Amino acid sequence: MADRRLQVFHTVARLLSFTKAAEHLHMTQPAVTFQVRQLEEHFNTRLFDRTHNRISLTAAGERVYQYADRIFTLYGEMENSVRELTGEVSGVLLIGASTTIAEYMLPALLGDFKAKYPDVNIRLQVANTDHIVSLVENNSIDLGVVEAPVSNKNLVVETCRMDQMVLIVPKGHPLAKERSVAMSRIIDYPYICREEGSGTREVMLEHLSAGGIDSCNLNIVMELGSPEAVKGAVEAGMGISIISRATIAKELALGTLVAINIDPPMERPFSFVHQKQKFRLRAIEKLLDFARAYCKDHPGVGL
């Protein structure tokens with residue numbers, strides 16, 4: 001319902017990037033630029049200073065942004081108020097999830113949620129934990145679901161459940177018959193690691209540090225960007241790795257990987273992350289309520 005020019009301007013001003021705004025709005029960059037120029041022509045003044053491939057708000061731009069923020073807040077409150085009266089739950093939800101959660105845990109939850117609320121459309125963005133938290137901070141998504149602790153105290157973080165991490169090795173590996181393995185023994189073998197920014201990597205390094213083990217002694221032979229790639233490399237005998245137990249059900253059933261408990265046990269939280277807002281879309285509130293109940297009813301599978 002809101003003026004499209006104002007929506008586009010508000011997104012550019014919030015992200016301070018025409019490129020990021022175009023990606024967020026699913027528009028081309030020239031289309032974003034055109035909308036902003038139209039608004040500048042309407043006010044007969046520049047709203048952005050553009051220098052050295054960077055943009056910043058002018059004094060007029062700051063004022064328009066402040067009013068736009070209030071306008072969109074009121075729009076959201078109006079939508080929620082009317083839909084609360086009618087009982088309708090609809091809209092588009094922008095969700096971000098770290099790789100492990102998006103691939104192995106969210107599908108079941110979102111499938112059940114969609115069956116209950118068919119008029120809600122969900123757009124899911126997959127990235128590592130650091131990037132998802134950044135998207136929440138920038139208000140680029142409504143809700144993040146991540147697999148590592150979040151340090152930003154300006155965000156609301158709700159732990160859904162704890163996830164058990166295990167050591168995985170290929171069949172026939174010297175450690176394959178062990179019931180549990182101390183972290184100190186992991187440095188003796190080639191290690192397949194997740195990429196920087198991954199929640200899995202962060203938790204593993206914190207666990208090493210807590211055990212008094214210098215991560216520099218870890219023999220990292222490969223860094224990979226997904227659990228599937230890590231599992232494939234371990235199956236091929238290229239090294240060992242630490243991964244969520246929830247991701248290896250198929251491999252354990254087929255006998256292609258062996259899972260070994262870590263001593264002391266390694267766990268990490270699966271958490272919902274969102275902004276501290278005065279209001280949220282009714283659909284987001286319903287999703288959070290649904291997800292909290294789902295976590296309680298399904299403590300060992302999915303989210």
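Me: Why is Thr129 called buried?
Reply: In this predicted model, Thr129 has a relative accessible area of 2%, and since buried means under 20%, Thr129 counts as buried. Thr129 is found in helix H7, which covers residues 129–137.

Me: Which residues is Thr129 in contact with, leaving aside its neighbours within four places in sequence?
Reply: With those neighbours left aside, Thr129 is in contact with Ser98, Val146, Glu147, Ala148, Gly197 and Gly199, where contact means heavy atoms within 4.5 Å.

Me: What makes a group of residues a nonpolar core, and which members of the largest one touch the most others?
Reply: The members must be buried residues of the nonpolar kinds listed for a core, joined through side-chain atoms within 4.5 Å. The largest nonpolar core has 26 residues, and Leu93, Ile101, Leu109, Phe113, Val120, Phe272 and Leu287 touch the most other members. Among the elements that each supply at least two residues of this core are strand S3 (91–98), helix H6 (106–116) and helix H12 (282–297), and H12 gives the largest share, eight residues.

Me: How many residues line the second largest pocket, and what classes do they belong to?
Reply: This pocket is lined by 16 residues, of which Glu23, His24, Gln125, Leu135 and Ser140 lie nearest its centre. By class, the lining has six nonpolar, seven polar and three charged residues, and the space in the pocket is about 370 Å³.

Conventions
Residues are numbered from 1 along each chain as its sequence is written. This is a predicted model: local features need pLDDT of at least 70, side-chain atom pairs count only at pLDDT 80 or more; totals for chains, interfaces and linings use all residues. Side-chain values use heavy atoms; hydrogens and water are left out. Buried means under 20% relative accessible area, exposed over 50%, partly exposed in between (1.4 Å probe, protein chains only). Helices (H or I, at least four residues) and strands (E, at least two) are DSSP runs, numbered from the N terminus. On a 1 Å grid over the protein atoms alone, a cavity is a set of points where a 1.4 Å probe fits but cannot get out, and a pocket is an open set with protein on both sides within 12 Å along at least five of seven lines; lining residues have an atom within 4 Å of a point. Grid points are joined across faces, edges and corners, and a volume is the space filled by probe spheres set on the points. Ala, Val, Leu, Ile, Met, Phe, Trp, Tyr, Cys and Pro count as nonpolar, Asp, Glu, Lys and Arg as charged, and the others, Gly among them, as polar.
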